[in-house]
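Subject: Structure for you to look at

Hello,

Here is the structure I said I would pass on. Please open it alongside this message and read the notes with it on screen.

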Amino acid sequence: MGILSGKRGIIFGALDENSIAWKVALEAKKEGAIFTLSNAPVALRLGTINELATLCQSVVIPADATNTDDLDKLFDQSIAELGGKIDFILHSIGMSPNVRKEKPYTNLNYDFYLKSLDISALSLHKILQVAYQKDAINEYGSVVALSYIAAQRAFPFYGDMAEAKAALESIARNFGYHYGIKNKVRINTVSQSPTATTAGSGVKGFDKFFKFADQISPLGNASAEDCAKYCVSLFSDFTRMVTMQNLFHDGGFSNTGISMNIMEKFEEI
Ligand SMILES: NC(=O)c1ccc[n+]([C@@H]2O[C@H](COP(=O)([O-])OP(=O)(O)OC[C@H]3O[C@@H](n4cnc5c(N)ncnc54)[C@H](O)[C@@H]3O)[C@@H](O)[C@H]2O)c1
């Protein structure tokens, strides 16, 4: 018996085997959950999600997470396929056209900016609002969205995704209040270390920053596999009273000022 035994979920955002959502799906399967997998129609064509579906014996249901009609159908199909209401949801969705096109923060394209916010932040609100209005999530259900510390501090290379993550964390807090009152549904964000995925590596200077964060953090960077375990613990009944939180999963990066490792690099200067 795994810790998610008997639980039904929806996992958004597995593109390929590097995706954090891919690792979460494998871990959730190992812990006994059943779930559907969802991604944008274009990602289904470009990625390898069908391989994951075979591994997890899951059905893939396309949905653009910014489109509430798609989300409405996704919930109906997931509930029919899994045989009951949903117990957990992973929101592992992020994309910024400004970051992709290497637009500096001081020269953003505002149509792109709105798209970044819609895909990376409002999509969480849309998923929750559709679920809330359909009463699609069971009591003590758990929703986890992935965030990054640029929501709290300036990271010059992260562009408009910084605002997207700040909005995402705020949506988790505020919807966490309303859904908690209505149905004891829990909503949290996990603020993850830099991780080598399609979205992560798309950020300019990623390799250098990955190494820097690894040397600052007392435990080193948290891997996608470790992140998956943490998300699964948040879906489980072991964390039933955790809600409306932004939880750092970063090997200690967020509470470290400077490390001896980095200090030593400046010794000869
Ligand atoms: N990789 C990192 O360094 C890192 C660090 C902290 C947080 N995160 C966050 O983790 C989450 C997952 O990213 P990842 O690193 O696994 O990269 P990834 O590129 O594998 O996943 C991003 C996913 O978002 C999906 N997506 C984009 N537009 C969509 C839309 N309109 N509808 C539905 N899905 C859409 C993509 O298809 C893709 O599957 C993101 O929120 C990201 O910001 C990543």
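The notes below cover the surroundings of the ligand and then two helices, H1 and H3.

Please keep in mind that this is a predicted model.

The ligand

The shell around the ligand is made up of 27 residues, and the closest are Ser19, Ala43, Gly94, Ala199 and Gly200. H8 supplies the largest share, three residues. By class, the shell has 14 nonpolar residues, 12 polar ones and one charged.

Helix H1

H1 is mostly covered, with nine of its 11 residues buried. These are Ile20, Ala21, Trp22, Lys23, Val24, Ala25, Glu27, Ala28 and Lys29. Just after the helix comes Gly32, which has a positive phi of about 95 degrees.

How H1 and H3 pack

In general, a pair of packed helices is described by the angle between the axes and the distance between them. Here the axes of H1 and helix H3 (residues 49–56) come within 10 Å and cross at roughly 10 degrees. Angles under 35 degrees count as roughly parallel, so H1 is roughly parallel to H3. On the H1 side, the contact is made by Trp22, Ala25, Leu26 and Lys29; on the H3 side, by Leu52, Leu55 and Cys56. Six of the residues in this contact are nonpolar, none is polar and one is charged. Of the H1 residues that meet H3, Trp22, Ala25 and Lys29 are also among the buried residues of H1.

Helix H3

Ile49, Leu52 and Cys56 are the buried residues named in H3. Viewed down the helix axis, the buried residues of H3 fall within an arc of 55 degrees, so they line one face of the helix. As background, an α-helix has 3.6 residues a turn, so residues three or four places apart point the same way. Asn50 and Thr54, on the other side of H3, are exposed. The cover over the buried residues of H3 includes H1, strand E2 (34–39), helix H2 (41–46) and strand E3 (60–62). H3 is followed by Gln57, where phi is positive and near 50 degrees.

Regards

Methods. Residues are numbered from 1 along each chain as its sequence is written. This is a predicted model: local features need pLDDT of at least 70, side-chain atom pairs count only at pLDDT 80 or more; totals for chains, interfaces and linings use all residues. A residue is near a molecule or strand if its C-beta atom, placed from the backbone, lies within 6 Å of it. Helices (H or I, at least four residues) and strands (E, at least two) are DSSP runs, numbered from the N terminus. Ala, Val, Leu, Ile, Met, Phe, Trp, Tyr, Cys and Pro count as nonpolar, Asp, Glu, Lys and Arg as charged, and the others, Gly among them, as polar. Axes are lines fitted to C-alpha atoms, for helices over the stretch in contact, and angles run from 0 to 180 degrees between N-to-C directions. Angles under 35 degrees count as roughly parallel, over 145 as roughly antiparallel, 65 to 115 as roughly perpendicular and the rest as oblique. Two residues are in contact if their C-beta atoms, placed from the backbone, lie within 7 Å. A residue is buried if 20 or more other C-beta atoms lie within 10 Å of its own, exposed if 12 or fewer, and partly exposed in between; C-beta atoms are placed from the backbone. The arc is that of the directions from the helix axis to the C-beta atoms.
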